[in-house]
Amino acid sequence: MPATTSETLDLVSRTVSIAPLVLLSVADHYERSAKGTKKRVVGVLLGQNDSKGVRVSNSFGVPFEEEEKDPSVWFLDHNYVESMNDMFKKVNARERLIGWYHSGPKLRASDLQVNELFKRYTPNPLLVIIDVQPKEVGVPTDAYFAVEEIKDDGTTTSKTFLHTPSIIEAEEAEEIGVEHLLRDIRDVAVGTLSTRITSQLQSLQGLHLRLRDIGTYLQKVLNKELPVNHAILGNLQDVFNLLPNLGTAPLKAGAAPPDADTHGELARAMSIKTNDQLMAIYLSSLIRAITAFHDLIENKIQNRQQQEDKDTGSGAEKDGKDKEKDKVNGEKEDGEKKANGVNGQAKSDEKDKNGSAKGGKGKGS
């Protein structure tokens with residue numbers, strides 16, 4: 001049955017949240033199976049899909065082959081899908097099969113046929129194209145749902161993919177793991193100011209690419225290369241209505257149109273505010289640099305003081321050892337002298353005794 005407008009809007013309004021673990025798993029699958037080739041890798045997405053949104057929390061690769069010359073010829077091992085799905089249910093029953101992925105980087109002719117195969121396991125399978133080799137700054141994922149396209153001329157409906165927004169969102173445990181992975185990549189010597197400017201530059205580059213895509217699409221619609229899609233035009237009109245009108249000032253009743261001075265005042269006010277913010281950032285950077293220099297000097301002073309204390313302690317310990325050694329040598333010499341005196345006295349007494357004995361013998365004779 002053709003999809004009604006309410007069903008289509010319900011699919012469009014769902015935000016697809018993808019865990020970083022899925023990106024790492026798909027990148028590893030590609031590196032092991034199809035690196036250096038033009039092949040793409042295909043796998044299954046696990047998670048939760050309800051009216052609030054879609055959460056993709058896990059994935060696993062699937063054996064997949066396709067003919068390069070004929071895209072309609074392909075093979076996907078659905079028996080492997082069923083076996084792996086049953087085993088994952090035993091580990092975590094909350095993670096259900098909600099769709100599939102491939103490494104793209106764009107949609108292909110056989111994607112609708114593969115999507116029909118996955119309808120065996122879930123009524124509205126989600127297709128996520130993950131660019132494992134991104135060449136542009138931005139989110140490397142594109143999420144799609146297959147819907148029936150109702151044509152204005154009343155002809156037969158046809159299947160097509162409807163794009164839905166996707167984000168990369170990590171839980172607390174995943175944030176810790178990603179932080180450990182990025183620790184070796186991130187330069188700890190770079191300050192927060194440089195990090196903020198780099199993040200803002202990447203955001204502006206991503207915005208520029210999105211605006212360029214919008215301009216390309218509108219130009220193709222204007223050249224009648226693409227049909228008019230009122231849902232897309234309505235979303236673009238809402239985006240433009242939310243943008244502030246910086247070029248004109250509000251008109252009062254009976255007032256003349258704003259002149260160049262009004263525009264100049266607006267530009268001057270924005271310049272003053274920007275300069276104030278930049279001045280605060282500049283002063284913060286100076287304070288941070290001075291604090292770092294102070295800590296460096298204090299550290300050097302402490303190291304020098306510790307080295308001096310160590311040298312002083314070593315000298316005092318050496319003097320104490322020398323004095324103790326001299327004392328021991330002196331006591332040893334005194335002992336030897338005393339021993340020599342005792343020996344001399346003993347020899348004298350023995351000599352006197354021998355002399356007395358000789359005298360007694362002479363008298364007897």
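Biologist: Which residue in β6 stands opposite Val-42?

Modeller: Strands of a sheet pair through backbone hydrogen bonds, either parallel or antiparallel. In this predicted model, His-102 of β6 is the residue opposite Val-42. The strands β2 and β6 are joined by six bridges, in the antiparallel sense.

Biologist: What is the order of the strands in the open sheet?

Modeller: The eight strands follow the order β9-β8-β7-β6-β2-β3-β1-β10, and their pairing is mixed. β9 (158–164) and β10 (166–168) are at the edges with a single partner strand each, so one side of each has no neighbour in the sheet. From one strand to the next, the twist averages 35°.

Biologist: Which strands does α3 lie across?

Modeller: Helix α3 lies across β2, β3 and β6, at about 130° to β3. Helix α4 also packs on the sheet, where it touches β2, β6, β7, β8 and β9. The directions of α4 and β6 make an angle of about 165°.

Biologist: Which residues have the most contacts inside the largest nonpolar core?

Modeller: In soluble globular proteins, nonpolar side chains tend to be buried together. Here the largest such core has 20 residues, and Val-44, Phe-60, Leu-76 and Phe-118 have the most contacts inside it. Elements that each supply at least two of its residues include β2 (42–49), α3 (78–91) and α4 (111–118). Another core, of 17 residues, lies apart from it; Ile-18, Ala-19, Leu-45 and Phe-145 are among its members.

Biologist: Which residues are linked with Arg-40 in a network of salt bridges?

Modeller: Side chains of opposite charge can pair when their charged atoms come close. The network links Arg-40, Glu-66, Arg-108 and Asp-111. Between Glu-66 and Arg-40, the closest N and O atoms are 3.0 Å apart. Glu-66 is in strand β4 (residues 64–66) and Arg-40 in the loop between α2 and β2, so this pair ties together parts 26 residues apart in sequence. Arg-40 also meets Asp-111 in a salt bridge of 2.8 Å, N to O. Asp-111 belongs to helix α4, so that pair ties together parts 71 residues apart in sequence.

Biologist: Are Asp-111 and Arg-40 buried or exposed?

Modeller: Both are buried. The relative accessible area of Arg-40 is 4%, under the 20% that sets the limit for buried. Glu-66, at 23%, counts as partly exposed.

Terms used: Residues are numbered from 1 along each chain as its sequence is written. This is a predicted model: local features need pLDDT of at least 70, side-chain atom pairs count only at pLDDT 80 or more; totals for chains, interfaces and linings use all residues. Side-chain values use heavy atoms; hydrogens and water are left out. A nonpolar core is a set of buried Ala, Val, Leu, Ile, Met, Phe, Trp, Tyr and Cys residues joined through side-chain atoms within 4.5 Å. Buried means under 20% relative accessible area, exposed over 50%, partly exposed in between (1.4 Å probe, protein chains only). Helices (H or I, at least four residues) and strands (E, at least two) are DSSP runs, numbered from the N terminus. Two strands pair if DSSP finds at least two bridges between them. Axes are lines fitted to C-alpha atoms, for helices over the stretch in contact, and angles run from 0 to 180 degrees between N-to-C directions. Contact means heavy atoms within 4.5 Å. A salt bridge is a side-chain nitrogen of Lys or Arg within 4 Å of a carboxyl oxygen of Asp or Glu.
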